[in-house]
Amino acid sequence: MPAAKSSQPFHPILRSLRRAPPSYWQDGQVPSSPNQSAFSFALTNRLEDTCTPAGEQHAANGGGFQGRTGTITTPHGEIQTPAFIAVGTKATVKAVLPEAMQDLGAQALLANAYHLYLQPGADIIDDAGGLGRFMNWSGPTFTDSGGFQVMSLGSGFKKVINMDAAETTGEEGTDDRVAAGKERLAHIDDDGVWFKSHLNGDRHRFTPEVSMQVQHQLGADIMFAFDELTTLLNSRGYQEMSLERTRLWAERCIAEHFRLTDERVGKPYQALFGVIQGAQYEDLRRKASRDLGGMNFDGFGIGGALEKENLGTIVRWCTEELPEDKPRHLLGISEPDDIFTAIENGADTFDCVSPTRVARTSAFYTPQGRLNLSNARFKRDFGPLVDGCDCYACAHYSRAYIHHLFRAKEMVSATLVSIHNERFVVKMVDDARLALDAGTFFEFKEETLGQYYQASPLPSGFR
Ligand SMILES: [Zn+2]
């Protein structure tokens, strides 16, 4: 089957990447599982049908809008899309109990396979009955493949892939660049990646098969195929080679995923999403979307280190090519304007660490922009974080009290602001979904972003 679905490789070097399909993947047969029907996506409305974007909106977007509403059904419940997926990297949303996440309307949580593989170990989570049971979250869960962490460790960039060439070392114009002052902790080859644990320096091997085995043990409803994440600093030739590597890895992930699905009898079905890479190149993004779109994935992730200004365009290139009847997840976005960009260009779900990350630095979201609670002006402000906010923190606590907690370095400060920030983003996405169905999406977007960025425009380059 791979021969029929694949395109010609771009680069002579890719010939070395060709390998025989796994023996359990018979010629002409697409691997599948009877359990796959436990996961589904149903489309409700298309943005282009409910709303009439003005001509200038089309022009600004560079093309049509792929946005839609729908329902993802998983063995642990439904997700109404578009949906914001809260991040619980190490099987916890930092400083917030799962019960509080449920109360504030979070529909699903995303944890990280790389972190949980290193600590506590995927086998322990398997023995506990899977990620949801381990962390006392009964709703749908996602795990990302670990590719992002492994690769970003490879560049020494940690959580954010730094695109600034001036802050890297290594020979200019080559693909061997790492962040200044950082050690390369990962080395990639055609079969997988060697990496050193950031915890204790132990050496580990991730391959597509290992990533699938780890993610099956973690037991999330939605998993991602193991992919190579490149940076925008990589050469065009490297991007082409890497994309082919990710395509071949996608085939191996599917084969291993269905082998494990058959082997692990009685476990709830886990959906597998292929990850679309291709950096900032339109032809590569479209090719990757067609290649992976033709494989038997349950949905798709749109990955890669993206520049904020190109986010919508790149998502649209992918969603125009991907099958309409499967959900798409945009991996790792940051701020409210990104959310609207993601929704209108056809991302059904997206995850974001910002609500809790900025909360720990005492920043809280308001409809008029982000404010910093450490500021002395909140010392005697006995109102809620945001008037009219329906979150637990705003219902029971004042700005003055939480300001005091931050000054006193009390841990519950991060809890209260994280609850507020998570609720703020969840509600914004819920409202965007309702507006899309009601035919008022563009008005809602204009009003929301107009207010949010009026007082505090986003610093350039902030992610
Ligand atoms: Zn609130």
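## Packing of α9 and α10

At what angle do helix α9 and helix α10 pack, and how far apart are their axes? In this predicted model, α9 (residues 208-218) and α10 (residues 236-263) pack at an angle of about 40 degrees, and their axes lie 8 Å apart. Angles under 35 degrees count as roughly parallel and those of 65 to 115 as roughly perpendicular, so α9 is oblique to α10. The crossing of the two helices is right-handed.

## Residues at the helix contact

On the α9 side, the contact is made by P208, E209, S211, M212, Q213 and H216. On the α10 side, W249, R252, C253, E256, H257 and L260 take part. By residue class, the contact of α9 with α10 divides into five nonpolar, four polar and three charged residues.

## The three-stranded sheet

The model also contains an open sheet of three strands. Its order is β9-β10-β11, and the pairing is antiparallel. Strands β9 (186-188) and β11 (203-206) are the edge strands, each pairing on one side only. From one strand to the next, the twist averages 15 degrees.

## Pairing of β10 with β11

How many bridges join strand β10 to β11? Strand β10 (residues 193-196) is joined to β11 by four bridges, and these two strands run antiparallel. As for the residues facing each other, F195 stands opposite H204 in β11.

Notes. Residues numbered from 1 in each chain as written. Predicted model: local features only at pLDDT ≥ 70, side-chain atom pairs only at ≥ 80, totals over all residues. Axes fitted to C-alpha atoms, helices over the stretch in contact; angles between N-to-C directions. Parallel < 35°, antiparallel > 145°, perpendicular 65-115°, else oblique. Left-handed = near helix turned anticlockwise from the far one by under 90°. Contact = placed C-beta atoms within 7 Å. Nonpolar A, V, L, I, M, F, W, Y, C, P; charged D, E, K, R; others polar. Pairing = 2+ DSSP bridges.
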